[in-house]
Amino acid sequence: MSKRNIKKCRSLLFFLLWVLVYATPSHGQESFDREYSLKGSFILKLTQFIEWPQDVIAPSNLKNLNLCIIGKDPFGNIFDLAKEEAILSRNLVIKHFIEIDVKNQCHVLFVSSSEKDRIDEIIQATQNEPILLIGDTLEYAERGIGINLIIINNNIRLQINPSVVHRKGINISSELLNLAIIVSKRGHDENR
Amino acid sequence: MKIVEDLPLKWKLVIIMLSISALTLLLSSSIFVYNDLKLFKKSMVRNLTVLAGAVGANSRAAIFFGDPEAANKILSSLKKEPQIKYASLYDAKGNIFVTYTRAGLQGFEGPVSKEVGPSFWENRVELIQPIELKGKIIGKIYLNAHLKEFEDVVKSYIVFLSIILFTTLIISLVLSLKLQGIISKPILLLAETAIKISKNADYSLRASRESADELGILYSEFNEMLSQIQKRDKELGNYRHRLEDLVKERTRELEDAQKELVKRERLAVLGKLAAMVSHEIRNPLGTIRNAAYSINHSIEKNHPELLPSLELIDRNIIRCDNIISELLEIARTREESMEITNIDSWLNQVINEQSIPQLVTVERALTSQASIPLVRERFRRAMNNVIQNACQALMEKHAQDMVLEENKKGYFLKIESVIKDSRLEIIFTDTGVGIQKDQLKKIFEPLYSTKNYGVGLGLPIVEGIMKQHGGGVDVKSNYQQGTTVILWFPLVKEKT
């Protein structure tokens with residue numbers, strides 16, 4: 001191998017490295033952002049079709065929408081951007097948790113995919129609270145989460161487990177149910 | 001308009017009534033139909049709005065979450081609404097989200113107007129309605145419905161109205177044909193009567209109808225006019241008749257006066273002549289008579305054969321004297337005073353004084369018992385003339401009888417005085433020779449005589465005398481049978 005060839009190889013390596021460092025990861029970041037901006041918007045939009053039992057929510061929270069995130073936050077500042085599109089009239093308050101704290105008066109608790117292992121524990125801890133659990137991980141709905149966002153045919157679809165939600169005294173509008181894939185705790189059942 | 005003006009009254013009324021009913025019906029039904037169609041459109045829009053509201057509400061989650069599959073499913077429920085041809089959903093930014101096209105139709109017909117609300121087009125109605133979520137517009141729904149139902153309603157209205165219009169016009173025609181008579185019949189009757197009257201000029205005709213309306217007044221005034229015309233006609237007729245009578249009377253009077261004048265003139269000439277002649281002749285006649293008397297006296301016994309000749313001379317002189325007296329009588333003009341005279345006794349006296357031949361039998365029937373004013377001497381002369389004429393006629397009859405050697409009836413002169421028709425009549429009836437018809441007309445003409453020794457003044461003198469008394473002479477005669485002469489005086493003064 002000549003010096004020149006080595007030089008050539010080095011150039012190619014540098015190029016490939018550049019591509020690896022700049023081009024490829026940046027493209028992955030874009031599709032990731034798009035997915036979560038849509039999901040964030042979906043979550044905010046969802047709340048328009050959901051009624052929480054008013055008697056158990058502190059009056060100070062009536063004008064707020066407390067959105068809690070447990071685990072790794074994939075949304076960043078997406079909610080602020082999606083607020084307008086979701087015609088949210090309430091104040092959006094975003095809270096991040098590492099541990100479950102039911103006293104924080106969450107309306108929605110987004111269970112990040114990072115909490116996959118503790119999902120049962122989280123469900124267990126919040127089962128008597130009027131907290132709507134939302135996730136975006138496969139089988140979350142079947143395992144007892146209220147609404148799960150999944151991607152089917154490159155579209156975001158809703159999985160709703162109505163029995164879980166109703167048990168908490170939370171009311172989901174039939175308009176929303178019409179759009180959703182209804183699942184029960186054991187296995188899923190498409191009801192559309 | 002000229003054609004309508006010339007139409008008979010009947011058809012004018014019918015046309016007026018028909019056009020009024022047709023116009024009223026058209027106007028009222030147009031208003032009704034307009035209102036109905038407006039209501040129908042309104043209800044169409046309302047139905048469409050309700051539908052759009054329902055579909056929009058159903059699809060708002062699908063729009064909100066951008067789920068075209070769900071939205072398509074919701075829109076496809078519109079196939080239950082047959083009037084919807086096209087429909088679409090728009091997202092919040094106004095982009096078409098999903099569309100719906102009715103089965104059997106092709107493509108997609110979008111809204112002409114982007115405005116929210118209903119809009120009507122040639123064959124469709126469009127509606128755009130916002131879809132709201134929590135008071136915010138998150139999309140729009142567009143519906144496009146055909147107007148077939150509306151067109152059907154319009155068509156059925158047209159058919160229905162045509163039938164109503166036609167039926168109503170027929171009924172109106174029948175009714176107006178019947179009812180127009182109320183107004184037209186009396187007028188036509190009046191017109192007919194007027195035509196009849198002017199054609200026949202018969203103003204006795206009347207138009208008979210009694211009602212309290214203006215036509216009744218027209219009739220009564222028309223009849224009143226006819227009555228006035230008739231009355232005037234009658235008066236005019238009377239005036240004309242009276243005028244004719246008056247003219248006739250005046251003409252006759254004039255003719256009489258003319259005749260009288262001629263007669264008078266003749267008599268006046270005769271009178272002058274007679275007066276002159278009688279004066280001139282009477283003196284020589286007196287001298288001749290005296291001379292004849294002297295001759296008679298001197299030759300009385302010596303020449304008895306001359307005596308008949310002398311008697312003849314004397315008799316003819318007396319006759320000449322009589323003629324002269326008659327002539328003087330007729331020429332006499334002076335007024336004489338009248339005396340009230342009991343006519344019967346006076347007549348008796350006068351008849352007694354008459355020298356009547358022995359053959360003649362005089363019968364008297366003087367029963368009038370009247371007293372009249374009389375110029376006695378003049379009337380005596382008239383009596384004298386009439387009686388002498390009768391006697392002469394009787395003697396002539398006698399002469400004829402002698403020739404024919406027969407005398408069957410005798411020779412009678414009947415003199416009567418009677419009152420008849422306000423007249424005192426003195427009637428002389430003889431059975432003499434009578435007067436021939438053609439001669440009867442001329443007997444009152446002066447100087448006309450049937451006798452070979454007459455002067456022809458006898459009857460004219462009698463007539464003159466009777467006229468002097470306000471009366472007259474009537475003569476009736478049958479030739480060879482006899483003559484009746486009536487001298488009459490009026491008992492009541494004639495009106496002038």
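In which sense do strand 10 and strand 12 of chain B pair, and over how many bridges? The views below are of a predicted model, in which local features need pLDDT of at least 70, side-chain atom pairs count only at pLDDT 80 or more, and totals for chains, interfaces and linings use all residues. Residues are numbered from 1 along each chain as written, chains are lettered from A in the order written, and side-chain values use heavy atoms, without hydrogens and water.

**View 1. Strands 10 and 12 of chain B.** Strand 10 (residues 423-430) and strand 12 (residues 482-490) of chain B are antiparallel, with 8 bridges; strands (E, at least two residues) are DSSP runs numbered from the N terminus, as are helices (H or I, at least four), and pairing requires at least two DSSP bridges. B:Phe428 lies opposite B:Val485 of strand 12 of chain B.

**View 2. The open sheet of chain B.** Its 5 strands run in the order 7-9-10-12-11, with mixed pairing. Strand 7 (360-366) and strand 11 (472-478) of chain B are at the edges with a single partner strand each, so one side of each has no neighbour in the sheet.

**View 3. The interface of chain A and chain B.** The contact (heavy atoms within 4.5 Å) involves 13 residues from chain A and 14 residues from chain B. About 1,300 Å² is buried between the chains, 65% of it on carbon and sulfur atoms; buried area is the accessible area (1.4 Å probe) lost by two parts on being put together, summed over both.

**View 4. The salt bridge between the chains.** B:Arg60 and A:Glu175 form a salt bridge, with the closest N and O atoms 2.7 Å apart; the rule asks for a side-chain nitrogen of Lys or Arg within 4 Å of a carboxyl oxygen of Asp or Glu.
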